[in-house]
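Colleague: Please take one part of this model and go through it closely. I would like the cavity and the strands around it.

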Amino acid sequence: MKRTVAVLSLVLLWSCTKKESSDQNTLSPEAKKIESINTVRQKMNDSIAIKNQQNKFKDLSGDHQLKFSSDEAAALKGTLTFTKTGRDLYDVSGKASSGKNTLSVKGTVKRVSEKHLNFEGEIVQNINGNTYKRTDKTTFFDEGKGNFWRLQNKINGSGFVDHIDIYF
């Protein structure tokens, strides 16, 4: 009797277990169409994302010469480093110095045309013991006078004209 109950229990357990059919793993024709459409859409979206990261203009990544000249001080020379962060968008930082006179630039640049760089950040000048800080949004513009973009906000806090140039 005990044997019959044990055999009967095993048969019931085996018959009650869920069996996977091979039909459940296959997709219906409609599901296959949807899956293929989704695959094509994903490829298109990936290619659009890659295109959106490509610059419209020449890549500026790397080091560029930074120059400062003014009526009140000797010229300063240094380096400004561009690090690409997006489509025609760069983080910039650099310094120019000569003796005790210094110029430091830190911020972001968005290249909006071949001739225009929009700058947002901080430009700090320490000239002849006077410190002047620029924090407004401003533009560097290729005026056609050489291979450089010149800061368009040229008047400093002392009323002197400063030329801050980024060479390309």
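Modeller: What follows goes from the cavity to a lining residue, then along the strands.

This is a predicted model, where local features need pLDDT of at least 70, side-chain atom pairs count only at pLDDT 80 or more, and totals for chains, interfaces and linings use all residues. Residues are numbered from 1 along each chain as its sequence is written, and side-chain values use heavy atoms, with hydrogens and water left out.

Start with the cavity. A cavity here is a set of points, on a 1 Å grid over the protein atoms alone, where a 1.4 Å probe fits but cannot get out. Grid points are joined across faces, edges and corners, and the volume is the space filled by probe spheres set on the points. The count is 1 cavity of 30 Å³ or more. The largest cavity holds about 30 Å³ of space. Its lining consists of Ile 123, Arg 134, Thr 135, Asp 136, Thr 138, Leu 151 and Asn 153; lining residues have an atom within 4 Å of a point. That lining splits into 2 nonpolar, 3 polar and 2 charged residues. In this scheme Ala, Val, Leu, Ile, Met, Phe, Trp, Tyr, Cys and Pro are nonpolar, Asp, Glu, Lys and Arg are charged, and the others, Gly among them, are polar.

Now take Thr 138 from the lining. Thr 138 belongs to strand β7, residues 138-141. Strands are DSSP runs (E, at least two residues), numbered from the N terminus. Why is Thr 138 classed as buried? Because its relative accessible area is 13%, and buried means under 20% (1.4 Å probe, protein chains only). Leaving aside residues up to four places away in sequence, Thr 138 touches Leu 117, Asn 118, Phe 119, Leu 151 and Asn 153. Contact means heavy atoms within 4.5 Å.

Next, the pairing. Two strands pair if DSSP finds at least two bridges between them. β7 and β8 pair antiparallel, over 2 bridges. Phe 141 stands opposite Arg 150 in β8. The hairpin of β7 and β8 has 6 residues between the strands. In that hairpin, Gly 144 takes a positive phi near 80 degrees.

β8 also meets strand β9, residues 162-167. These two run antiparallel, joined by 3 bridges. Here Phe 148 stands opposite Tyr 167 in β9.

Conventions
1 Å grid on protein atoms, 1.4 Å probe; cavity = no way out; pocket = protein on both sides within 12 Å on 5 of 7 lines; lining within 4 Å. Helix = DSSP H or I, 4+ residues; strand = E, 2+ residues; numbered from the N terminus. Buried < 20%, exposed > 50% of the residue type's maximum accessible area, 1.4 Å probe, protein only.
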